[in-house]
Amino acid sequence: MADDVKIAPSWKNHLGGEFEKDYFRQLIDFVRNEYKTQTVYPSGREIFRAFDCAGFEDVRVVIIGQDPYHGPGQANGLCFSVRDGVPIPRSLKNIFKEILTDLGKPIPQSGDLERWAQQGVLLLNATLTVRASAPGSHQNKGWEQFTDAVIKSISDSKTNVVFLLWGAYAQKKGEIIDRNKHLVLMSAHPSPLSADRGFFGNKHFSKTNEYLKSKGLKEIDW
């Protein structure tokens, strides 16, 4: 089964055991059937894009999202990110606003965050697929168990990683992170419904870079 999963070799070395577990076999069967019978996002080749863009050994920051975007042409396999040319969603606009306030960096025209991922920012959704126009449709099918294993593997096998946990969902998912080895930054979610309640002003981007610099690691060009 592991050979069937298109995921970067550095991740297969750490997660290979997950691909052989019953839950993952059932998950892949479910996902394959969904792609055959429904419109599902992101495209099949982009399901594991977050892992292809940021190899296990390169991960310095982890941002945890929930579901992929469920509208046409939006999801590209990286949490909070959209394809180049697609209107920037409101949560991502608020992320860019906070970066402007925190670091003075102008708001970009593109919402594609691959440039972050290429620097070692793992943009991880808890659920890696979703049915069109049906948020949450692929929750509780096994993806959450897999992405928990991803987080635990990073926590256990690496040191000095920054985890950005925005909102209650991400914070609950991040309870397995070893706070003695890593920096965990938490705040409200950047959604328009909650950004004013603690996301704006969290300075997570400068705090991330200050921590990385203090550990002798390269800062992120946000």
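**Close-up views of a predicted model**

**View 1. Contacts of Asp67.** The side chain of Asp67 makes a polar contact with the side chain of Gln139 at 3.4 Å, a polar contact being a pair of N or O atoms within 3.5 Å of which, within protein, one must be able to donate a hydrogen and the other to accept it, with residues adjacent in sequence counting only if both atoms are side-chain atoms. The Asp67 side chain also reaches the backbone nitrogen of Gly136 at 2.5 Å. This is a predicted model, in which local features need pLDDT of at least 70 and side-chain atom pairs count only at pLDDT 80 or more, whereas totals for chains, interfaces and linings use all residues. Residues are numbered from 1 along each chain as its sequence is written, and side-chain values use heavy atoms, with hydrogens and water left out.

**View 2. The cis peptide bond at Pro42.** Tyr41 and Pro42 are joined by a cis peptide bond with an omega of about -5°.

**View 3. Phe80, a residue with positive phi.** Phe80, which is not a glycine, has a positive phi near 70°. The residue is buried, with a relative accessible area of 9% (buried means under 20%, exposed over 50% and partly exposed in between, with a 1.4 Å probe and protein chains only).

**View 4. Lys203, a residue with positive phi.** Although Lys203 is not a glycine, its phi is positive, at about 55°. Lys203 is partly exposed, and its relative accessible area is 39%.
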